[in-house]
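Here is a quick tour of one protein model, written to be read with the structure open beside it. Take a look first, and then we can walk through it.

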Amino acid sequence: MLTQSFKRDWMIGGLGLCLLPAVVWLATCGGAPTGEIGELGGYVALDGSSTVFPISEAVAEEFREFHPRVRVTVGVSGTGGGFKKFTRREIDIGNASRPIKPSELAAAQQSGVEFLELPIAYDGIAVVVNRGNEWAREMTVSELNRLWQPEAQGKVTRWNQIRVGWPDRPIKLFGAGVDSGTYDYFTQAVSGQEGASRGDFTASEDDNVLVQGVASDVEAMGFFGFAYYEENRHRLRALAIDDENPDNGAGPIAPTTETVGNGTYQPLSRPVFIYVRKDALDKPQVEGFVRFYLENAAQLSREVGYIALPETTYRVLLDRLDRRVAGSVFGGEGSQVGVTVDDLLRRETTP
């Protein structure tokens, strides 16, 4: 378990609150991140979330500019797939778009894997439609639940079954694959339980497949990470979401850098993470890579379409890296929707 001091420091720092399996060998590229040219060598292996992939890829490319003798691979087998490899000690670092689940925590404990849980940016989940869709501009969480709950399979298949006035046309659904942390978080947020979803939709850990599917069909709807929507907003339109919570403002809220960063885009805003094996940090190239990651995550996450954490958070995380404080601030509970700084402070002070 994570120490109480880590929870406190993490919160003071300001933290509120998926591609076919592949490995990408990363080449060097220019840029202006901070770092020092060094003589590190060896190998650093990452795998997991396709949502986190663009950030880790950008960091790895820039890291090799400073340490060209280090070979860095970034796999994309989904958050769940990454955790399987992580707990089997097949990789040094797991990319995750949700916190570690109880079953994954148990697997880590069984195999003796201690880890550092490091949030690296904010992301949202965008619910998107084709730009030719002239009727749907927003949806409520209740409507999303009606469409995506397990009981909807084979029954809720047309747009006018979601809202009166929408056309009597079929809905073609696209979404993150079941090994994706985005799938886990979305189903938790919409249905109240991870994995509780209809199964008759086109699923993929490759967000680009989902983008293409929705962009090519006017009757389609899909969900995936906000950064992928930002990259493809000329082809898609994101729906504003009404969480039906009067304490979170009135009416639907669209996903933007601002609304995701300040947590008002609910319930589909979240932090994303890297998980680092504590024993892997004994390898200089891994320790150097993780340090470089935290020092440059703010700049590089913004460059690839994500929302940076406050600088104070990254400083706190670097301090915790120095002290090798291990465990999960979420207690291994998996996806937790709508977690805010106040929620975490309340956990800290409640006996």
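Where does V156 lie? V156 sits in the loop between α5 and β7. This is a predicted model, where local features need pLDDT of at least 70 and side-chain atom pairs count only at pLDDT 80 or more, while totals for chains, interfaces and linings use all residues. Residues are numbered from 1 along each chain as its sequence is written, and side-chain values use heavy atoms, with hydrogens and water left out.

**The overall picture**

The protein's secondary structure comes to twelve helices and twelve strands; these are DSSP runs numbered from the N terminus, with helices being H or I of at least four residues and strands E of at least two. There are 351 residues, and 58% of them count as buried. Buried means under 20% relative accessible area, exposed means over 50%, and partly exposed is in between (1.4 Å probe, protein chains only). The accessible surface comes to about 13,700 Å², and 49% of that belongs to carbon and sulfur atoms. Those areas come from the Shrake-Rupley method with a 1.4 Å probe; for residues, only the protein chains shown count as cover.

**The cores**

The largest nonpolar core has 89 residues, and V72, I120, W148, M221, F289 and Y293 have the most contacts inside it. Strand β5 (residues 115–130) gives this core its largest share, ten residues. Apart from it lies another core, of 14 residues, with I91, F273, Y275 and F330 among them. A nonpolar core here is a set of buried Ala, Val, Leu, Ile, Met, Phe, Trp, Tyr and Cys residues joined through side-chain atoms within 4.5 Å.

Leaving aside neighbours within four places in sequence, M221 is in contact (heavy atoms within 4.5 Å) with residues including V127, V128, V129, M139, W148, W159 and F174.

F224 lies in strand β9 and counts as buried, at 0% relative accessibility. F224 and I125 are 99 residues apart in sequence, yet their C-alpha atoms are 5.4 Å apart in space. Again leaving aside neighbours within four places in sequence, the contacts of F224 include G124, I125, A126, V128, Y229 and L236.

Which residues of helix α5 (residues 141–148) are buried? They are V141, E143, L144, L147 and W148. These residues cover an arc of only 160° around the axis, so they are on the same side of α5; the arc is that of the directions from the helix axis to the C-beta atoms. The buried residues of α5 pack against β5, β6 (138–140), β7 (172–176), α6 (181–191), β9 (220–225) and β11 (240–242).

With α6, the packing angle is about 115° and the axes are 8 Å apart, which makes α5 roughly perpendicular to α6. Axes are lines fitted to C-alpha atoms, for helices over the stretch in contact, and angles run from 0 to 180 degrees between N-to-C directions. Angles under 35 degrees count as roughly parallel, over 145 as roughly antiparallel, 65 to 115 as roughly perpendicular and the rest as oblique. At this meeting point, V141, L144, N145 and W148 in α5 meet F186, A189, V190 and S191 in α6.

V156 has contacts with R146, L147, Q161, I162 and R198, leaving aside neighbours within four places in sequence.

Most residues other than glycine have a negative phi, and most peptide bonds are trans.

| Residue | Phi | Relative accessibility |
|---|---|---|
| R89 | about 65° | 36%, partly exposed |
| R324 | about 55° | 23%, partly exposed |

R89 is in the loop between α3 (78–87) and β4 (93–96), and R324 is in the loop between α11 and α12 (341–349). The peptide bond from Q266 to P267 is cis, with omega near 5°, and P267 is found in the loop between α9 (257–261) and β12 (269–277).
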